[in-house]
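Dear colleague,

Please find below the structure that I am handing over to you, followed by an account of what was found in it.

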4 protein chains.
Amino acid sequence: MPETDRPRTDRPLVISAPAPRTLDLIFTPDALERLHRRYRVIEADPENIAGLGSAVLSEARYIVGQPPLSADTLERMPRLRAVLNVESNLIDNMPYDVVFRRGIHVLTTGQVFAEPVAEMGLAMALNLARGIVDADVDFREGRERWGGEGNKSARLLSGSEIGIIGFGDLGKALNRVLSGFRAKIRVHDPWLPASVLLDAGVEPASLETVLAESDFLFVVAAVTSDNEGFLGAKAFAAMRPGAAFILLSRAGVVDFDALIAAVESGHIRAASDVFPEEPLPLGHPVRRLPGFLRSAHRAGALDIAFKRMGEMVLEDMELMDRSLPPMRCKRAERETVARMRSKPVTVN
Amino acid sequence: MPETDRPRTDRPLVISAPAPRTLDLIFTPDALERLHRRYRVIEADPENIAGLGSAVLSEARYIVGQPPLSADTLERMPRLRAVLNVESNLIDNMPYDVVFRRGIHVLTTGQVFAEPVAEMGLAMALNLARGIVDADVDFREGRERWGGEGNKSARLLSGSEIGIIGFGDLGKALNRVLSGFRAKIRVHDPWLPASVLLDAGVEPASLETVLAESDFLFVVAAVTSDNEGFLGAKAFAAMRPGAAFILLSRAGVVDFDALIAAVESGHIRAASDVFPEEPLPLGHPVRRLPGFLRSAHRAGALDIAFKRMGEMVLEDMELMDRSLPPMRCKRAERETVARMRSKPVTVN
Amino acid sequence: MPETDRPRTDRPLVISAPAPRTLDLIFTPDALERLHRRYRVIEADPENIAGLGSAVLSEARYIVGQPPLSADTLERMPRLRAVLNVESNLIDNMPYDVVFRRGIHVLTTGQVFAEPVAEMGLAMALNLARGIVDADVDFREGRERWGGEGNKSARLLSGSEIGIIGFGDLGKALNRVLSGFRAKIRVHDPWLPASVLLDAGVEPASLETVLAESDFLFVVAAVTSDNEGFLGAKAFAAMRPGAAFILLSRAGVVDFDALIAAVESGHIRAASDVFPEEPLPLGHPVRRLPGFLRSAHRAGALDIAFKRMGEMVLEDMELMDRSLPPMRCKRAERETVARMRSKPVTVN
Amino acid sequence: MPETDRPRTDRPLVISAPAPRTLDLIFTPDALERLHRRYRVIEADPENIAGLGSAVLSEARYIVGQPPLSADTLERMPRLRAVLNVESNLIDNMPYDVVFRRGIHVLTTGQVFAEPVAEMGLAMALNLARGIVDADVDFREGRERWGGEGNKSARLLSGSEIGIIGFGDLGKALNRVLSGFRAKIRVHDPWLPASVLLDAGVEPASLETVLAESDFLFVVAAVTSDNEGFLGAKAFAAMRPGAAFILLSRAGVVDFDALIAAVESGHIRAASDVFPEEPLPLGHPVRRLPGFLRSAHRAGALDIAFKRMGEMVLEDMELMDRSLPPMRCKRAERETVARMRSKPVTVN
């Protein structure tokens, strides 16, 4: 497309309000240059989009970010095609009924975290299976056990039974990194029909089944109004002795105290990237809980993931510029947008 | 095969000398029962096979273990079909020229370790890539860093460039567990032709290339008379800054002091399952070396692996009973048996 | 869900107008029973939905079929959640702007044909590569050539370069059945961003590249207002000598006379499942054209595919009954619905 | 290896007797140049190797071909390391006991045919499943049936149950090209232990099971003294009605008259690349048998396959030159060499 090679005076207008991200976080220098070459980018105060003035609002084609928008402000933006939410959790801060009625796409970019989180999830599973952290700490201290002596409770991921709760982008990425392990993978996702899971090569299963029949259980479901705290004492008790519970999405789906109790009792092992409070108070019991592997919400936040957000934004804006539907980002759904309860992040 | 369901008086004779393993270690109770139902098993002192007497020697079809055998003793064993080495490292303690001339198979079962070691290798790579051990230790101590702050040097395995040195059973198992990562995998193995590697979906490469072009480098080559200490200061200097070096086979292929220096300087990160001395002296510098992940020769020694040895032994003996070649264990090769230098283990 | 086990008096209302399909074609007996147990199904004349009366219209939740709908009729259907088009080509016979504004889903089930068509496409490629039809006909006639003599122009799919134009459900299914061939697969799809193709493991490419660099070229793009007849004499001339051109979607994307000329000249070989007129006139030159493999629009129309339509319909209606978005069928897109030009089928 | 770039006076000696192949058939011009640069190649009359004279015999390191060798002649060849059989069927024309005792490798290159034959086998399966040949012939004649009308007996390979008898190179290649079809694949191979099949991702099965439970049954077993004609009327009767029987190895494993009867009765469909006599008499009933797809021993004999033979030969000779074992060609086994009964080909 030769016309993209030079700045154009009639470039479509983009309102930039990506907080808590920044354009520099989500675009590589090259991508940022492409953004500016193709679009007129207006930096905006997310708390005052209305104040941008009608010359800007009436021309705006895209919003990068997720600023609060009133019905009035939307009314003043007749050319708006998409809100590109680069935070990735949806806040209920705009009249979504109006947005959907007008066919304005609400797009999220959280998919960029799927691959890094899946790798961390696999790492956690392997760490729990082989006791890697404690073995290294013991080795530092001179009390390591050699060979089979150190492997009394070690187990393989290959050939094991694995459960995944939630089969969005992250569940799919997990399934992919698990593909070399010849494991039996069962998935519970009440928002997906069985045949979609079968097509992905996994076995659809009830919550009861994935709890009771997994050696490794990955939780990647988003918090919704339906599932807050749905994994509690009863769920953990239903798990196999020695099974590994790996929490990768949001602490809100779990009764954290019950999880701690289940690990403390020795019934299961666990790893988590998310916690009820972040940062976590210094005296929190999970900090020194044996059988628990901790990650301070680091699973997804890799620079390469943020940079992919910018790529996704550019790719979908280019499709929409050609009056095609966006195919890269995930679209918020009219039916479920109001059910989402994940707290947006405040740090990147 | 109904005839195997009851003990037979004419059962083939097996000499059992599996030290340092034991039959109980390598056979499940079920497998052990099958062994005894099918074969007459004579427990022997490995140091005195000759003393078994001619009635036993003249009938022996298989030896399970790797006891020293003299030419004379072999001469007295006209029906010997195979020596099934369940330790897996080959010792030069029998006249291999005679053995091969007679078509006696020398079989090793080290293949059982490939899957557990590959999983540990992948875990090590992910741990080095994401700094999981130090992050957990920091979290315990209350000095964890949250989100992207803790990921300054984090990287993905997905889409990376990976090198593997050695493409025996372990290299192949590694390639398998890496199959979901869309990585570019290069293999250096001077004992295999390029087309075999291409058929396995990896790129054949020189040692120089895998050293210089890998983000993660796995060393799974056995020690031979050709490659002792072949990875030294020059090799480490040729690696990419920040690359991960993961040693899974034998310490003998590496100049360990040079490896420590390369990690200490911050040039590379490393993990190892094997060490120049095992157990390692308490004061050894690698014990507290930052950027180094330690495993006390635990990567392969899982109970499930030992039990698979017994299965392999039974499967191949059953083929050989039918005058078919063994297809499960690995056969020692006339050309290379004398080049092998791995020290056998003394503990399981 | 125990409540589904017995007929309910408050069952949601479904208007059935599946012509040219029938309910018996698309539902197995079991599925039909589930449909009736869960829903009140009103059979309707597709040409007179308006005549159903307000009692029906005001209650209707789903339409199975694609009958013409006026704005007035839609107005009388306040509870309509989805039009489930079981033919799969979209006709411009309803006010789509109203439909989309109201959030009524327009769903197509053509995905069921992807797998059968992909298998036929692969079969065509292998047939062209190995000359299977002519070889069998020759064998019947006693003029077969044995061994290498019969393989002068034979080639392998394994390791070849393959192009796919269009990467919807069918393109993805083709990519899947090709996964065992270690081929280099390039895809041209102007409606998809490059990164989506890269994630699927294929190489994004321009139309020029897939034409010029393919040994086998599969055309699975739907006809749109943009691409009618876009593959003509120039395109065929750009192809590699001896390459195979396999047409699986709609004849409308191809200049068929130019295709015939290109095959007649010996420059390329071709196979097609679709033709400019169906049925094709008896004297049409393609009927006896050497180097051309013919299939009378049979690639997709398998009974098993039709029956899967009914499953998809049931699965998505069940999600929508729970106020969740449909995840099984394909949704018509506001931006592209008007561009679609495929003629609906008149026979199943 | 710079030393290979120029002819050497001390090049190892190769005796060339590749009939019925020729060096030009199995080597590309480049490979032939490499052969001559690295080796001193002596063209020999296969029927008179003894006549080459002691200067040649005493120096010969390799024989390319499978000429008759007497014990005396072998005695005169003290440096012989390998007989590289480029025909690929083993003839009992040398004292194999002597050969094996001396550790001379007997290598076959039939593996080059695995990929082309597997592709042909898959093509045959798809052809039988979809009736492609008859549909094309009908189309030529103007009696084609359109859409579902033409698909009454059509079926999918995807999701089907598939049996493979024999899991050598060809069985493995078949398994690979079938990998995108989500089929359940069972394998019967009495020469392989169950765990080897499980590791390959297929299900080990008895002959009875693969006969009774397959929608598609591929026969790729070599003829041995144990299995001549083992698939007869009883086996075909045990197959599922409408199942497809695909014969790819040797006609000798099948009772061909019984196969014809089973197809004639309509019970099964079949395809074959091999026949009891080749060429087949003109009046043979299989020539016009409906439900039977014929290929005149063309499945493997592609030029690209022959050229790969030369590559394999060069790769393994290079390993053996370095005193390493050959890793590319297949080695004849002491236990089974005498059981092989495949007739060598007389045409390429």
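Chain A and chain B bury about 5,400 Å² between them, with 55% of that area on carbon and sulfur atoms. Please bear in mind throughout that this is a predicted model. On the chain A side, the residues that lose the most area to chain B are Arg140(A), Trp146(A) and Arg298(A), which together account for 15% of what that side buries. In terms of contacts, 60 residues of chain A meet 60 residues of chain B.

The polar side of this interface is as follows. Between chain A and chain B there are 10 salt bridges. One of them links Glu115(B) to Arg182(A), with the closest N and O atoms 3.7 Å apart. Polar contacts across the interface of chain A and chain B come to 33 residue pairs, both residues being at pLDDT 80 or more. Several elements of chain A each supply at least two residues to the side that touches chain B: α6 (114–130), α7 (132–141), α8 (169–177), β12 (292–294) and α13 (303–321). By class, that side of chain A divides into 27 nonpolar, 14 polar and 19 charged residues.

Chain A also touches chain C. Here 28 residues of chain A are in contact with 28 residues of chain C, and the buried area is about 2,300 Å², of which carbon and sulfur atoms give 49%. α5 (96–101), α9 (194–199) and α13 of chain A each contribute at least two residues to the side that touches chain C, and α9(A) gives the most, with four residues. That side of chain A has 12 nonpolar, five polar and 11 charged residues.

Turning to the fold, chain D contains an open sheet of six strands in the order β2-β1-β3-β4-β5-β13, with mixed pairing. Its edge strands are β2 (40–43) and β13 (330–331), each of which pairs on one side only. Within chain D, strands β3 (residues 60–65) and β4 (residues 82–85) run parallel and are joined by three bridges; Tyr62(D) stands opposite Ala82(D) in β4(D).

Finally, an unreviewed UniProt entry annotates residues 122–299 of chain A as "domain: D-isomer specific 2-hydroxyacid dehydrogenase NAD-binding". Over these residues the chain is 31% helix and 15% strand, and the end C-alpha atoms are 11 Å apart.

Yours sincerely

Notes
Residues numbered from 1 in each chain as written. Chains lettered and ligands numbered in written order. Predicted model: local features only at pLDDT ≥ 70, side-chain atom pairs only at ≥ 80, totals over all residues. Heavy atoms only, no water. UniProt positions renumbered as here; feature names shortened; annotations may be inferred. Pairing = 2+ DSSP bridges. Contact = heavy atoms within 4.5 Å. Buried area = accessible area lost by both parts, 1.4 Å probe. Salt bridge = Lys/Arg side-chain N within 4 Å of Asp/Glu carboxyl O. Polar contact = N/O pair within 3.5 Å; in protein donor to acceptor, adjacent residues only side chain to side chain. Nonpolar A, V, L, I, M, F, W, Y, C, P; charged D, E, K, R; others polar.
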